[in-house]
Amino acid sequence: MDGSSLGKWLCLIVYILTLLRTEGASIPMTIVQAAVARGAVCLDGSPPGYHFEKGSGSGINNWLVHMEGGGWCESVESCVSRRDTYKGSSLKMEKTMGFSGILGSKQAANPDFYNWNRIKIRYCDGSSFTGDVEAVDPKTKLYFRGERIWQAVIDDLLAKGMRNARNAILSGCSAGGLAAILHCDKFQSLLPASARVKCVSDAGYFIHGTDISGGSRIESFFGQVVKTHGSAKSLPASCTSKTRPELCFFPQYVAQTMRTPLFIINSAYDSWQIKNILAPTAVDSKKEWKNCKLDLKKCSATQLQTVQNYRTQFLKAVNIGLGSSSSRGLWINSCYAHCQSGSVSTWLADKSPLVGNVKIGKAVGDWFYDRSAFEKIDCAYPCNPTCVSIDSES
């Protein structure tokens, strides 16, 4: 390698290291050892953890608690398969993490929340933090304790100053975005009555939709999650008192009775939902939807019409859940994406996606601080030229 090439490589390495440092890549994981005594543990019995970057200046009494996504395990077999991975054990998780997007620490990239106390709760229970089963099968050694994990972490944060919060947000991506809805009112109840408390769900508005077979495989899947994890008693009583517990895993039934203001960040063509609610592999035996699910540009005219009908289902579910509430916020785009608040490229960057000519970061900030309401729904696919390719795990 000549000197010129070496110099370029060194410059690139320095740039990458600088970028990682400025985005807080070395935020350590806090292990909540005290949680073990109350049985608040991951699937494998290890203690839960979170990453915490302290607030400063005007943000010192403001708290943003963000919950990690990562899907669900609906059976003993599927939970065993994730038990010894980072999705089921804090022992398998990376010990440091970078923050960006809604958790970012740079004022220019995250002007409303950059100096808040910012927390990311790691996800290791497979139930959107709702499970609570006392018994542990000696054969599988599985712990279904997601609800206890959530409470133990929140208690730890309250003791570290969150009990004095002036402003607070509970947020999450995907399975964490669903958790933000399910725990929203509970979170608000634990904070000072004088505090401004709101919730933000990113790609967490999973709908009770009809799939390509005419059925609703997602309903039976969520039913198994609730049954396996013993989630029924942890779900919002305002919902379970009116309908079957498994239906309370769908935000459209929970949001109707929520007291706390809620902001929905979602694509009407959420890539996880298209792949797993509209056209799950189990009902696509001939794999006719395989290419379409990878890229909407590869859908046939008939398939694309089915996808457009799913958008109609999604928007109807949003209206059923949030109605005309004056406290609701909506940023719903037409990008084929899943989770858009956690990346600097989609939150508030120069080329971040727009809805109503507004980026996500500005919409959420304006709504949270009551500067202006935001309820915008994008036009139908493929109308939005500002879409950024991003597809995160549920």
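Predicted model: local features only at pLDDT ≥ 70, side-chain atom pairs only at ≥ 80, totals over all residues.
A disulfide joins C184 to C199, with an S to S distance of 2.1 Å. The link is right-handed, with 100° about the S-S bond. C184 belongs to helix 5, residues 184–189. C199 belongs to strand 7, residues 196–202. The pair therefore ties together parts that lie 15 residues apart in sequence.

## C292 and C299

C292 and C299 form another disulfide. Here the S to S distance is 1.9 Å. The torsion about the S-S bond is about 80°, so this disulfide is right-handed.

Both cysteines are buried, under the cut-off of 20% relative accessible area. C292 has a relative accessible area of 1%. For C299 the value is 13%.

## C73 and C79

C73 is linked to C79 by a disulfide, S to S 2.1 Å. This link is right-handed, with 90° about the S-S bond. C73 is buried. C79 is buried as well.

## The disulfide set

How many disulfides does the structure hold? The count is eight. Among them are the links C73 to C79, C184 to C199 and C292 to C299. A disulfide is a covalent bond between the sulfur atoms of two cysteines.

Technical notes:
Residues numbered from 1 in each chain as written. Heavy atoms only, no water. Disulfide = S-S within 2.5 Å. Buried < 20%, exposed > 50% of the residue type's maximum accessible area, 1.4 Å probe, protein only. Helix = DSSP H or I, 4+ residues; strand = E, 2+ residues; numbered from the N terminus.
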